[in-house]
Amino acid sequence: MPLKPTTMKELAGKLNTSISTISRALSDQPNISQATKLKVRQLVKELNYLPDQRAISFKQKKTFTIGVVLPDLWESFFSEAISGIEEMANAAGYMVLIGQSHDDEEKERNILTMMRTHRVDGLLISISRNTASYEHFEALRKREIPVVYFDRIPKMNNIHYIACNMESGTLQAMKFLLKKGHRAIGLINGPDRLVASEERKQGYIKAFLKHRLKFDPSLVIPCDLTQAGTHAAMQQLLSQKRKPTAILAFNDYVAMDAIQYARSLKMKINRDITFVSYANSPMNDYMEFPPVASVEQYPYRQGQKAAGILLELLNRKERGNNSSFRQIILESQLVIPDSRFQ
């Protein structure tokens, strides 16, 4: 027969004291003597006692669980962000419940419903690239569930978020390409509904204006970030009369698909056509033909700071103060890994 877990009542019986004394000793309350606390801790260790989390949650009206909703864990950006989130959450005594939308708005909605049924205390969200309606996010606000958005931010007012400055990162990337003599530079951008896509485009346009060059809108192609969408964008760019000699890709995965397409046309990568991307993924180190540079977006730091903001909100909620909005923008940085390209 399996052993039943030790209860607080049993601890109290063995030490000939009350359950409330055991509870206060485990909570390290000052009105309990150090001698009693020591006896309780020794007995807890001997009997492998574990607190009943359900009872604690019921008493404190908290589950000590943070929900995280993101597009795909297979992307290194989000797996690194999760590591940062878990570090902060676990240190504060919270568990992390993860849901992947796979860039499907309906799945995103269903995951949020599931998170609510599990009574998560708060949520960290990076929205799906296909999310067009924000009703499910507004529902969280109405239920007063603290939410912090990271990386992919919805176009909503009065929200907490952390993201990287994609406009400045784009300016850095464009300056690098223009310095190398490129003038016909294509931009394979993300869906127009993403804030990050808009920031990339603004940085791209500003770079041309800053260098007193003509902006050619036909060289900006939005795509759905899939392989098929990227190949279609490449076909559209390379079929133009003014073919690009360099391409700025929405992220490293888009760059990888774009490079694959260029190679299928027997183009020499970073000679016939040059690629710069975003995310600075570790996979670039293992590619035969990686982008010559990539914009670092600091996913681990984003995850840490997003979780830190949420924990702050949860503490603030307990104190009844939840008025101001935390909005943090990290500066991005162009990374040129190979000195040959500098």
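This is a predicted model: local features need pLDDT of at least 70, side-chain atom pairs count only at pLDDT 80 or more; totals for chains, interfaces and linings use all residues.

**Entry 1, strand S8.** I looked up which way the side chains of S8 (residues 246–249) point. Ala246 and Leu248 point one way, while Ile247 and Ala249 point the other way. Side chains in a regular strand alternate between the two faces of the sheet. I also checked burial, and these four residues of S8 are all buried.

**Entry 2, partners of S8.** Which strands pair with S8? I found strand S6 (residues 185–189) paired with S8 in the parallel sense, over four bridges. Opposite Leu248 of S8 stands Leu187. Strand S9 (residues 274–278) also runs parallel to S8, and three bridges join S9 to S8. For Ala246, I noted Thr274 as the bridge partner in S9.

I followed the chain through helix H11 (residues 252–264). S8, H11 and S9 together make a β-α-β unit, and the unit is right-handed.

I turned to H2 (residues 19–26) and asked which of its residues are buried. They are Thr21, Ile22 and Ala25. These residues lie on the same side of H2 because they cover an arc of only 100° around the axis. I then looked up what they pack against, and found helix H1 (8–14) and helix H3 (34–47).

Last, I checked the backbone beyond the helix. Asp28 follows H2, and the phi of Asp28 is positive, near 60°.

Notes: Residues are numbered from 1 along each chain as its sequence is written. Side-chain values use heavy atoms; hydrogens and water are left out. Buried means under 20% relative accessible area, exposed over 50%, partly exposed in between (1.4 Å probe, protein chains only). Two strands pair if DSSP finds at least two bridges between them. A crossover is right-handed if, with the strands pointing away from the viewer, the path from the first strand over the helix to the second runs clockwise. The arc is that of the directions from the helix axis to the C-beta atoms. Contact means heavy atoms within 4.5 Å.
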